[in-house]
Amino acid sequence: DWLVMVSMTIGAGAIFNGGISHHTIRGNFTNNGTVTSDGELYFNPYFPVTLQLSGTSFSSTGTVNFGGTTPITITGSPASLNDVRITNTNAAGITPPSGWVMNGDFIINSDAVFNAGGYAYTVAGDIESNGTLNGGSSAFTMSSASGQLTGSPNTIFNHFTITGVISANSDFYVAGHFTNNGTYDGTQAARNVVGGHAANIR
């Protein structure tokens, strides 16, 4: 396991293979090459940082955790992600510059904020939002064959599409279109439509 206190840079043409280890990065992260990880990449800054995920490639089959208490600026688009945890407690929240494809679970801690912007997000596992999800003009798709959806009063999706088999464990909110192209079990929770503009429920 690595603990990087100041900054970490992967140069052009270089490859960082994190393996199954847990790596904590407390400073700026600059990827100009290739990053792979099967373990955990834990971004836990103690001062405002920029995380440049772009490069030749950034991919994880383990967990990427955006934590800490200070502002995080993310640039670049990861090629693929698995489990993603939003644990950063700064009021500005985590704001991606692009959509994400998550092949695992997407979890927002109770004191964390995720700003989805206007991008598309696909989650192949569970969504558990115990904190704040600002849906913006984004679109979320859940594609799991046995997915669980857990929301909070501050979890407000914009467009939300189901293409898998999804069960809701708690009430959640949709400000835009709700589209069920799979199987949705809402017997344990309510789907609440919010906002003042026209939306479709299919």
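**Figure 1. Accessible surface and overall dimensions of the protein chain in the predicted model.** The accessible surface of the protein chain comes to about 8,400 Å², and carbon and sulfur atoms hold 49% of that area. Accessible areas were computed by the Shrake-Rupley method with a 1.4 Å probe, and for residues only the protein chains shown count as cover. Residues are numbered from 1 along each chain as its sequence is written, and side-chain values use heavy atoms, with hydrogens and water left out. The model is predicted: local features need pLDDT of at least 70, side-chain atom pairs count only at pLDDT 80 or more, and totals for chains, interfaces and linings use all residues. Along the principal axes, the C-alpha atoms fill a box of roughly 50 × 30 × 25 Å. The radius of gyration is 17 Å, which agrees with the value near 17 Å for a compact globule of 202 residues; it is taken over C-alpha atoms, and the globule rule is 2.2 Å times the number of residues to the power 0.38.

**Figure 2. Strands, burial and charges across the protein chain.** The chain has 27 strands and zero helices; both are DSSP runs numbered from the N terminus, with helices (H or I) of at least four residues and strands (E) of at least two. Of the 202 residues, 48% count as buried. Buried means under 20% relative accessible area, exposed over 50%, and partly exposed in between (1.4 Å probe, protein chains only). Among contacts with a separation of 6 or more, 12% join residues 24 or more positions apart, contact being heavy atoms within 4.5 Å. There are 4 positive and 10 negative side chains, and the centres of the two sets lie 9 Å apart. Lys and Arg count as positive and Asp and Glu as negative, without His and the chain ends; the charge is placed at NZ of Lys, CZ of Arg, CG of Asp or CD of Glu.

**Figure 3. F66 and F43 with their contacts.** The largest nonpolar core has 45 residues, of which F66, F106 and F114 touch the most other members. Such a core is a set of buried Ala, Val, Leu, Ile, Met, Phe, Trp, Tyr and Cys residues joined through side-chain atoms within 4.5 Å. Beyond its neighbours within four places in sequence, F66 is in contact with residues including F43, L51, L53, I74, I94 and W100. F43 belongs to strand β7 (residues 40-43) and is buried, at a relative accessible area of 1%. With neighbours within four places in sequence left aside, the contacts of F43 include I25, F29, V64, F66 and I72.

**Figure 4. S129 in strand β17.** Strand β17 covers residues 127-129. The relative accessible area of S129 is 1%, so this residue is buried. S129 touches I108, T150, G151, S152 and T155, not counting residues up to four places away in sequence.

Figure 5. Neighbours within four places in sequence aside, S98 contacts G76, S77, Y119 and Y121. G164 and G182 are 18 residues apart in sequence, with their C-alpha atoms 4.8 Å apart. G182 is one of the contacts of G164 outside four places in sequence, along with M142, S143, S144 and T183.

**Figure 6. L3, an exposed residue of strand β1.** L3 sits in β1 (residues 2-4) and counts as exposed, because its relative accessibility is 55%. Residues up to four places away in sequence not counted, L3 touches T24 and R26. The C-alpha atoms of L3 and Y121, 118 residues apart along the chain, are separated by 30 Å.
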